[in-house]
Amino acid sequence: MSRTSMLCTALAISLSSLALVVCGSGPAHAATCRPTGVAGDVDRDGRADLVVGDPYADGSQGAVEVVRHSGQRTHITRSQLPGDPGDEPEFGTAVAVADLTGDGCLDLAISSPGDGGREGEDVPDHEGDPPDPGTPALPTVFIVRGTPTGFTTAEPIRVTDPEAGTFTSFADDIAVLQPTPTSPPQLVVGMSTRREGRGGVAVYGFDGGRPGAPVIVDRSSPGVDGSATARSYFGESVATSGRSIVVGAPGTRVAGVDQAGSVTVLTSTAAAPRSFTGRSWSQDSAGVPGGPEVEDGFGYSVAAGHGWVAVGVPTEDLDGRTNPGAVQLFQLSAAGDLVPRQLLGQNTAGIPDSSEDYDRFGESVTIGLGLQRAGVPAVLVTSPLEARAAPAPQYSGAWTVVHLPTVKAAGYSLASPGVPGHPAADAGYDMEVSALAGPQASAAARRDAVVVGIPNRSRGRVLVDASWRGTWQSLESSEVATSDGFGAALG
Ligand SMILES: [Ca+2]
Ligand SMILES: [Ca+2]
Ligand SMILES: [Ca+2]
Ligand SMILES: [Ca+2]
């Protein structure tokens, strides 16, 4: 035992956590956490915790709230972090939870797409001074570090738009690619409006706990099929599973049809984890039902996991209806290959309700395991503008849990028995869904919980069914006075 480690051992006995901070060479080594193996368990009590974005809180400054399984809350606002937030950063527009810094403690990735931007005036003021050009935003993803005792707002890592100044959007959607618990994580950031909507994704490696230069992938990248075209909005939605990144490009022109939409599956290998090849799918692909029509929006939302990919097509026309929406399912192999399966709509046998004009079924999708039946993969789908979810008011929204591979579904609205509160008209706008990992170690026994964000009220709320019996818990922000859009993002 060296003298240094003997000293550290002595300190560790007498000072516990302080010793862990002061021991070691080079930069101060933070204490580490021992993960429980339950995804999203930020406090390591064996139960997944919920992270909720509240991007319009406090005049669009934005906030994020960690809602622990124990009930304890952590409220993080943009103003607690360093740097000029600007007029409307909308901190909390997208959130993800992963150990990006490599110390075992889960960190929060929080997007702040309008960060630092200030609106100018385009006419001279009444004293004749020249117009104020304002300040362009520097869209940012903040990495708020986890520690053994909770999250710290000190020294967050800033991940910024690698092409700042070229009027790109950045971080409307984010995800973390981590094929195994011991693989170095990669942060995937959607940049849908980059280069006149050709879009792209920026993939940041975190070897050594710091982000490196990103790999930027679009449809003109080597190894990716097709070509980057304006207004395709590649990166509007992103999801990850295994070694694959599923990227939605809902504006893609397909077979001469505008805004029919496509998705691309980007896959790397263990030997070359930062080198991606891509194959694209649309309603013009062999084996995919339906056909490309103007403004289908195929790829507006995407989800991946447990051997499945779900692609939202919320403005698909079906059975003579306008925009009732649909979800295209694929099976996903470990190598990243897709096999097309069913197109689900509300007229599909086994799915409740029916396809009506402007339901927008598929606007948000997620995939979980055991959402109502242990160990069974399921896709959770919103129909936010559900027109006739009687007795709920118009556009109060609905959501459907669909078990796979044999379609068996359960449908809910704000008027369903067991859902607290009163449904309100228009409550469905921007409804979001997620799955909270169950505590069971075996996949066959896993029971994830359904999570539904209802942000479209000055006091948004989040519904969680962790009972698997249709008994929903309703959560609001701990700071309801400033909350606006609570539930717009879920992690
Ligand atoms: Ca927990
Ligand atoms: Ca960490
Ligand atoms: Ca179509
Ligand atoms: Ca309907």
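In which loop does H306 lie? H306 is placed in the loop between β16 and β17. The model is predicted, and local features need pLDDT of at least 70, side-chain atom pairs count only at pLDDT 80 or more, and totals for chains, interfaces and linings use all residues. Residues are numbered from 1 along each chain as its sequence is written, and chains are lettered from A and ligands numbered from 1 in the order in which they are written.

Strands, like helices, are DSSP runs numbered from the N terminus (strands: E, at least two residues; helices: H or I, at least four). Two strands are taken to pair if DSSP finds at least two bridges between them. Strands of a sheet pair through backbone hydrogen bonds, either parallel or antiparallel.

V309 stands opposite F330 in β18.

H306 is not a glycine, yet its phi is positive, at about 55 degrees. A residue is buried if 20 or more other C-beta atoms, placed from the backbone, lie within 10 Å of its own, exposed if 12 or fewer do, and partly exposed in between. H306 counts as buried because it has 20 C-beta neighbours inside 10 Å. A positive phi, near 65 degrees, is also found in Y358, a residue other than glycine. Y358 lies in the loop between β19 and β20 (365-369). With 17 C-beta neighbours inside 10 Å, Y358 counts as partly exposed.

A second open sheet of four strands has the order β3-β2-β1-β28, again with antiparallel pairing. Its edge strands, β3 (73-77) and β28 (489-490), each pair on one side only. Two bridges connect β28 to β1 (residues 50-54), and G53 stands opposite A489 in β28. The segment after β28 contains G491. This residue is buried, since 25 other C-beta atoms lie within 10 Å. Residues are in contact if their C-beta atoms, placed from the backbone, lie within 7 Å. Not counting residues up to four places away in sequence, G491 touches V51, V95, A96 and V97. The C-alpha atoms of G491 and A175 are separated by 9.6 Å, although the two residues are 316 residues apart along the chain.

Elsewhere, β6 (residues 140-147) and β7 (residues 150-160) pair in the antiparallel sense over seven bridges. A hairpin of two residues joins these strands, and I143 stands opposite I157 in β7.

A nonpolar core is a set of buried Ala, Val, Leu, Ile, Met, Phe, Trp, Tyr and Cys residues joined through C-beta atoms within 7 Å. The largest such core has 115 residues, of which A109, V327, V379 and L380 touch the most other members. Leaving aside neighbours within four places in sequence, the contacts of L380 include V365, L371, W399 and V401.

The peptide bond from L404 to P405 is cis, with omega near 5 degrees. P405 is located in the loop between β22 (398-403) and β23 (408-413).

Terms used: Contact = placed C-beta atoms within 7 Å.
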